[in-house]
Amino acid sequence: MPYLTVWATNTLHATSFQAGFLFVPMSIIGLIVSFYLASLSDKWGKRKPFIIWALLIGTISRVPLAFTHSYTIALILLAIGGFNAFSFFFALLNDFIVKKQESKSQAGTITGTVRMAFSQGYIFGPMLGALIIDHGGYTLLFLLSGLLSLVTLVWVLFVLKEESVPQTSAHASSKAPAGIPSVLIAVFVAALFIFAGDSGRSMYLPLYVTDTLKQSVSIVGILFTVTSVFELVFMPLGGYFSDKIGVKRFFIIGIACQVLYFILTSLHLPLSGLIALQIFYAFILSATMGVGMVYAQSLAPRQIGLATTAYMTAIQTSAVVSSLAMGSLVSVIPLPSTFYILAVFAVISGVMFLFMKQKSAEEMS
């Protein structure tokens, strides 16, 4: 994904606006499809067929990109990729693993581990992508990306097993209510504010570091790498401690820490302080990205697929929220002050989640 805009401008000769627009149909389709597939998977009581669907669409949409020089065809292929419903795929994979455990008390730990693997993709994906482009160009990049999806698809088909779900299970089709309950709409909105803060950090922290603090671009890379590396430590630990002190309590603590992070970021800290803050942010991600999904599941235990999808698909629209909120103000107020907006986002999200009611242990079983 980080190289799509560069590929569009260099290979397809697209304008900057056209390159950015490539993501729009894909995001809109993914947002809609995610909720539909989640509801359907809860009704069926199975996850594996939908994981297969996501991987198949991913393969179909990526491989032809290696051979096209048409902007229109690229736009159509990426729109088809929206049916992959990436956030939904991650939610399903996590839920599928959690369901196979005998003890629900391991849900936080498992989610943290899956999220850690997810973070590894963000660490090594861009690095390997750059090496592939340097040696084989974008054609090889798209071919290998499609091949990776295909290999994963084969593994899911022949290795990953899903046991049949008894009709008495909370996941069974007879128990999964139809439609989207109002609490999950609230989950989506509240999560949207969390991820808008994360998107705002990704978009404006580099500008803050280079323009306001007068640091080099290489420092930006170091700061983001520090966060990704420490996620490997905090993700499983966050899941472990959430299992010990309670999912909701740990999750709310994480949101409170997110508020503190944005306030401290605006204070013109020295480089050592910024690095420490990025380590702190890795802990925050363990609560908001990892444990937050488990908390969303506890709000609608009979629609776990839909609950996890409602939480994760907020990512697909969060960038729009942060862009509108911060982009219009950057030219009016000092850039450091705009981080207070992200802090307000976190406060709104924390208040919303604080008053959402978890289901009882009997309903969760």
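A: First a term: helices (H or I, at least four residues) and strands (E, at least two) are DSSP runs, numbered from the N terminus. Ser349 is found in helix α14, residues 339-354.

Q: What are the ground rules here?
A: This is a predicted model, where local features need pLDDT of at least 70, side-chain atom pairs count only at pLDDT 80 or more, and totals for chains, interfaces and linings use all residues. Residues are numbered from 1 along each chain as its sequence is written, and side-chain values use heavy atoms, with hydrogens and water left out.

Q: How many helices and strands does the chain have?
A: The count is 15 helices and zero strands.

Q: Back to Ser349. Is Ser349 buried or exposed?
A: Ser349 is buried, because its relative accessible area is 0%. Buried means under 20% relative accessible area, exposed over 50%, and partly exposed in between (1.4 Å probe, protein chains only).

Q: And what is Ser349 in contact with?
A: Ala190, Phe193, Ile194 and Ile255, leaving aside neighbours within four places in sequence. Contact means heavy atoms within 4.5 Å.

Q: How do α8 and α14 pack?
A: At an angle of about 160°, with their axes 9 Å apart. That makes α8 roughly antiparallel to α14. The axes are lines fitted to C-alpha atoms, for helices over the stretch in contact, and angles run from 0 to 180 degrees between N-to-C directions. Under 35 degrees counts as roughly parallel, over 145 as roughly antiparallel, 65 to 115 as roughly perpendicular and the rest as oblique.

Q: Which residue classes make up the contact of α8 with α14?
A: There are 17 nonpolar residues, three polar and one charged. Ala, Val, Leu, Ile, Met, Phe, Trp, Tyr, Cys and Pro count as nonpolar, Asp, Glu, Lys and Arg as charged, and the others, Gly among them, as polar.

Q: How do α8 and α11 cross?
A: The axes of α8 (residues 182-212) and α11 (residues 271-299) come within 11 Å and cross at roughly 165°. So α8 is roughly antiparallel to α11.

Q: Which residues make that contact?
A: Among them are Val183, Ile194, Asp198 and Arg201 of α8, and Leu274, Gln278, Thr288 and Met289 of α11. By class, the contact of α8 with α11 has 12 nonpolar, two polar and two charged residues.

Q: Switching to α10. Which residues of α10 are buried?
A: The buried ones include Val247, Phe250, Phe251, Gly254 and Ile255. Helix α10 has 19 residues, 247-265. From first C-alpha to last, α10 reaches 27 Å, close to the 27 Å expected at 1.5 Å a residue. The expected span is 1.5 Å times one less than the number of residues.

Q: Backbone next. What is the phi of Lys214?
A: Positive, about 60°, although Lys214 is not a glycine. Most residues other than glycine have a negative phi. Lys214 is found in the loop between α8 and α9 and counts as exposed, because its relative accessibility is 65%.

Q: And what about the phi of His268?
A: His268 also has a positive phi, about 55°. His268 is in the loop between α10 and α11. With a relative accessible area of 48%, His268 is partly exposed.

Q: Last one. Where is Leu77?
A: In helix α5, residues 71-81. Leu77 counts as buried at 11% relative accessibility. Leu77 touches Ser61, Pro64 and Leu65, not counting residues up to four places away in sequence.
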